Amino acid sequence: MTRGTQILLLLIGGLLLLGGGIVGIRIFTFARGEKYRPLFDSIETKYRIPHGLLFRLAYQESRFRDDIISGAVRSAAGAVGMMQIVPKFHPEIGEAGALDVPRAVDYAGKHLSDLHNRFGSWALALAGYNAGAANVIKHGGIPPFKETQNYVAQI
């Protein structure tokens, strides 16, 4: 991204902040992820995920922050990488795969698609990605956890 583009995004973001709350912050933060857009487009097509959904999920998980993507910062639950995969719950990809952006995005795309096939809705698939499929089953829908309800609503 050129310096001029960055300045333009900051100006637009500032105007949106004045008139529209945190929308400007999201635009600037999404810009950090734009270099990954072709990868997400490809994976969304591969797994028949609605355009932009997996990209938005990645934003929700990591905000496209380099320290999270690199694994320097981990979640309290042990999630790592852009897609915040917990290696102990996903040993088939492991930590190395969770930190490898193309592998992690492909894995997350397949996982989200599998959850959609299982539950029949993207909202429930997102809830399963965040809280685990067992919790979606246990609660007969989006679990009553504030984090999960906010996660689904924000995506």
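Colleague: Leaving aside neighbours within four places in sequence, which residues is Tyr-129 in contact with?
Modeller: This is a predicted model. Tyr-129 is among the residues with the most contacts inside the largest nonpolar core. Beyond its neighbours within four places in sequence, Tyr-129 is in contact with Leu-57, Glu-61, Met-83, Ile-85, Ala-108, His-111, Leu-112, Leu-115 and Tyr-151.

Colleague: How many residues are in the largest nonpolar core?
Modeller: In soluble globular proteins, nonpolar side chains tend to be buried together. In this model, the residues with the most contacts inside the largest core are Phe-40, Leu-54, Met-82, Met-83, Leu-112 and Tyr-129. The size of that core is 35 residues.

Colleague: Where does the largest share of this core come from?
Modeller: H3, helix H4 (53-62), H7, H8, helix H9 (133-139) and H10 each supply at least two residues of the core. The largest share is eight residues, and it comes from H7.

Colleague: Is H8 roughly parallel or oblique to H10?
Modeller: Helix H8 (residues 122-131) and helix H10 (residues 146-154) pack with their axes 9 Å apart, at an angle of about 135°. An angle has to be over 145 degrees to count as roughly antiparallel. The angle of about 135° therefore makes H8, relative to H10, oblique.

Colleague: Which residues of H10 make the contact with H8?
Modeller: The crossing of these two helices, H8 and H10, is right-handed. From H8, the contact is made by Ala-123, Leu-126, Ala-127, Tyr-129, Asn-130 and Ala-131. By class, the contact of H8 with H10 has seven nonpolar, two polar and one charged residues. On the H10 side, the residues are Glu-147, Thr-148, Tyr-151 and Val-152.

Colleague: Is H3 roughly parallel or roughly antiparallel to H7?
Modeller: Helix H3 (residues 37-46) and helix H7 (residues 101-119) have axes 9 Å apart and pack at an angle of about 30°. Angles under 35 degrees count as roughly parallel. H3 and H7 are therefore roughly parallel.

Colleague: How many charged residues does the contact of H3 with H7 have?
Modeller: The H3 and H7 crossing is right-handed. H3 contributes Leu-39, Phe-40, Ile-43 and Lys-46 to the contact, and H7 contributes Val-101, Pro-102, Val-105, Asp-106 and Gly-109. By class there are six nonpolar residues and one polar, and the number of charged residues is two.

Colleague: Is Gln-84 buried or exposed?
Modeller: Gln-84 lies in the loop between H5 and H6. Gln-84 has a positive phi of about 50° although it is not a glycine. Because its relative accessibility is 13%, Gln-84 counts as buried.

Colleague: Is Arg-48 buried or exposed?
Modeller: Arg-48 is in the loop between H3 and H4. Arg-48 is not a glycine, yet it has a positive phi of about 55°. With 74% relative accessibility, Arg-48 counts as exposed.

Colleague: Which residues does His-90 touch, not counting those up to four places away in sequence?
Modeller: His-90 is found in the loop between helix H5 (66-69) and helix H6 (94-99). With a relative accessible area of 16%, His-90 is buried. Not counting residues up to four places away in sequence, His-90 touches Ile-85, Tyr-107 and His-111.

Colleague: What is the C-alpha to C-alpha distance in space between Gly-132 and Phe-89?
Modeller: Gly-132 is in the loop between H8 and H9. At a relative accessible area of 23%, Gly-132 is partly exposed. Gly-132 and Phe-89 are 43 residues apart in sequence, and in space their C-alpha to C-alpha distance is 9.6 Å.

Definitions and conventions. Residues numbered from 1 in each chain as written. Predicted model: local features only at pLDDT ≥ 70, side-chain atom pairs only at ≥ 80, totals over all residues. Heavy atoms only, no water. Axes fitted to C-alpha atoms, helices over the stretch in contact; angles between N-to-C directions. Helix = DSSP H or I, 4+ residues; strand = E, 2+ residues; numbered from the N terminus. Parallel < 35°, antiparallel > 145°, perpendicular 65-115°, else oblique. Left-handed = near helix turned anticlockwise from the far one by under 90°. Contact = heavy atoms within 4.5 Å. Nonpolar A, V, L, I, M, F, W, Y, C, P; charged D, E, K, R; others polar. Core = buried A, V, L, I, M, F, W, Y, C linked by side-chain atoms within 4.5 Å. Buried < 20%, exposed > 50% of the residue type's maximum accessible area, 1.4 Å probe, protein only.
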